[in-house]
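Thanks for coming, everyone. I'll walk through one structure today. Have a look at it first, then we'll take it piece by piece.

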Amino acid sequence: MAVFDDFMKLDIRVGEIIDVQEFPEARRPAYKVWVDFGEEIGVKKSSAQITDLYKPEDIKGRQVLGVVNFPPRQIGSFMSEVLVLGVYGDKGVVLIQADSGIAVKNGDKLG
């Protein structure tokens with residue numbers, strides 16, 4: 001059972017997807033995604049298995065939530081630096097996003 005202190009170790013921030021590329025060499029269908037987490041953290045890249053519900057052009061410019069303090073992980077030829085968060089739905093992974101009606105800055109922390 002996890003305790004609240006375990007949750008507090010995670011650094012979850014809002015970032016804007018600034019680039020998305022196909023990732024054909026991934027074992028499971030995925031995109032290479034670059035996310036801008038603001039001045040303090042900068043741009044981080046991620047391998048995201050979100051191809052069932054999203055096309056690259058549909059998610060560029062969206063704000064998403066990501067865990068920015070996990071160690072980098074090698075995914076094939078690509079180094080993934082952040083975990084973009086999503087929910088496993090019946091039709092695929094659904095991205096977790098900031099409320100689109102209320103402006104938040106890239107880098108704002110989940111709290």
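**Val33 and its surroundings**

Start with Val33. Setting aside neighbours within four places in sequence, Val33 is in contact with Ile17, Asp19, Val20, Lys44, Lys45, Ser46 and Ala48. Contact here means heavy atoms within 4.5 Å.

Before going further, the ground rules. This is a predicted model, where local features need pLDDT of at least 70, side-chain atom pairs count only at pLDDT 80 or more, and totals for chains, interfaces and linings use all residues. Residues are numbered from 1 along each chain as its sequence is written, and side-chain values use heavy atoms, with hydrogens and water left out.

Back to Val33. It sits in strand 2, residues 31-36. Is Val33 buried or exposed? Val33 is buried, at a relative accessible area of 2%. The cut-offs are these: buried is under 20% relative accessible area, exposed is over 50%, and partly exposed lies in between, with a 1.4 Å probe and protein chains only. One distance to note: Val33 and Ile18 are 15 residues apart in sequence, and their C-alpha atoms are 7.8 Å apart in space.

**The cores**

Now the inside. In soluble globular proteins, nonpolar side chains tend to be buried together. A nonpolar core, as used here, is a set of buried Ala, Val, Leu, Ile, Met, Phe, Trp, Tyr and Cys residues joined through side-chain atoms within 4.5 Å. How many residues does the largest nonpolar core have? The largest has 16 residues. Those with the most contacts inside this core are Ile17, Val33, Val35, Ile50, Ile59 and Leu95. Strand 2 gives the largest share, 3 residues. There is also a second, separate core of 5 residues, which includes Ile12, Val14, Leu65 and Leu85.

**The sheet**

Next, the strands. Two strands pair if DSSP finds at least two bridges between them. An open sheet of 5 strands runs in the order 3-2-1-4-7, with antiparallel pairing. Which strands stand at the edges? Strand 3 (43-48) and strand 7 (83-84) do. Each has a single partner strand, so one side of each is left without a neighbour in the sheet.

Take the pairs in turn. Strand 1 and strand 2 are antiparallel and joined by 6 bridges. Gln21 stands opposite Lys32 of strand 2. On to strand 1 and strand 4: they pair in the antiparallel sense over 5 bridges. There, Gly15 faces Val64 in strand 4. Strand 4 (residues 63-67) and strand 7 run antiparallel, with 2 bridges. Val67 has Leu83 of strand 7 as its bridge partner.

Another pair: strand 8 (residues 86-89) and strand 9. They are antiparallel, with 4 bridges. They form a hairpin with 2 residues between them. Val87 has Val94 in strand 9 as its bridge partner.

**Charges**

How many salt bridges does the structure hold? It holds 5. A salt bridge is a side-chain nitrogen of Lys or Arg within 4 Å of a carboxyl oxygen of Asp or Glu.

Look at Arg13. Its side chain meets that of Asp11 in a salt bridge, 2.6 Å from N to O. Asp11 and Arg13 are both buried. Arg13 also meets Glu40, at 3.5 Å from N to O. That pair links distant parts of the chain: Arg13 is in strand 1, Glu40 is in helix 2 (residues 38-41), and they are 27 residues apart. What about accessibility? Arg13 is buried, at 8% relative accessible area. Glu40 is exposed, at 67%. Asp11, Arg13, Glu40 and Lys109 are linked in a network of salt bridges.

One more pair. Glu25 forms a salt bridge with Lys32, the closest N and O atoms being 3.4 Å apart. Glu25 is partly exposed, with 43% relative accessible area. Lys32 counts as buried, at 15% relative accessibility. Remember Lys32 from the sheet: Gln21 stands opposite it.

That's the tour.
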